Amino acid sequence: EPPAWAPGPAQAAALLEEAADLLVLHRDFTAALERCEAGCDSLGPGPEPGPEPGTGPESFAEVKCSLCVVGIQALAEMNRWREVLSWVLQYYHVPEHLPPKVLELCMLLYSRVGEPQVMLEVGSSWLRAQANQNLPEFGSLLELYLAQVLLPLGRFEGAEELVRGCAVLDSQQQLEFLSTILESRSRWAQREETRSAAEEQRDPATETVLGVLSQKLLTMFTLLRRALRSMSNHFYFLPYKKMLLATFLLYLVVVRLDPASPTSLPFIYKLVQLFRQAWAAVLSPVHRPPIRD
């Protein structure tokens, strides 16, 4: 049972320091996550961030943000990155209230694991919130959201709409963002064309391979047909033991050999020659039937 800690920002700061030590020095990610959760719970809803310096709401928000950052890192180290967003939102409730540092870390994490679509709605809600557009981190987060979420997913129309709808961006900033979107769209189109051309080239190559395999199979079946025809012509004249030998050789040809292997074809041909030599040695000239090629 985890120990009970007294609530308050001071206790939360102590838990933050302990969690950081557990994460970095001791590599005890489970214990670090427990300290972060205890610290966030001790803070409660807390006051909204404001201009007061020192130990006021600003300090409260910084401690809570730092606890979440350490908690995110602990979850990622335990390969529980799928829980990160829901874990963070249980303390901030809505995406618009996420601190810029937490939002940045979440976007980088989900982009790194190849799941940027998880941050589509969260990032869009945060960036469209009027209060967040006045923050100094807004420009860098908008750039990160475009580069790590929207553009890799091919959401070019949504990216242009988001940039044009940001009233805090001046014309020069909008032009730079729109130019980045245009370049990404061009690279996306080139990749699609290259992929289509590669698929078109792959089809003739596949047909060529199939044609070669079909020719090899046809050769193999021709040899087998000759062997079966020769055997059918000689079954009447062969003694019982020689028929068993022929059956065993046929088993080797049909069952034990890999028809798709090119090395099987010379061996099949040698078996046919072996049949002919055996029959020539066993049968007398009087009873020797004609052998068709």
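Guide: Contacts, meaning heavy atoms within 4.5 Å, join residues at least 24 apart in 62% of cases among those between residues at least 6 apart in sequence. The model is predicted, so that local features need pLDDT of at least 70 and side-chain atom pairs pLDDT 80 or more, while totals for chains, interfaces and linings use all residues. Residues are numbered from 1 along each chain as its sequence is written, and side-chain values use heavy atoms, without hydrogens and water.

Visitor: How many helices and strands does the protein have?

Guide: There are eleven helices and zero strands; helices (H or I, at least four residues) and strands (E, at least two) are DSSP runs, numbered from the N terminus.

Visitor: Why are helix 6 and helix 7 called roughly antiparallel?

Guide: The axes of helix 6 (residues 120-128) and helix 7 (residues 138-150) come within 11 Å and cross at roughly 155 degrees. Axes are lines fitted to C-alpha atoms over the stretch in contact, with angles from 0 to 180 degrees between N-to-C directions. Angles over 145 degrees count as roughly antiparallel, and helix 6 is therefore roughly antiparallel to helix 7.

Visitor: What makes a set of residues a nonpolar core?

Guide: Its members are buried (under 20% relative accessible area, 1.4 Å probe, protein chains only), belong to Ala, Val, Leu, Ile, Met, Phe, Trp, Tyr and Cys, and are joined through side-chain atoms within 4.5 Å. The largest such core here has 59 residues, and V102, M119 and L142 have the most contacts inside it. Helix 3 (residues 57-77) gives the most to this core, with ten residues.

Technical notes: Buried < 20%, exposed > 50% of the residue type's maximum accessible area, 1.4 Å probe, protein only. Parallel < 35°, antiparallel > 145°, perpendicular 65-115°, else oblique.
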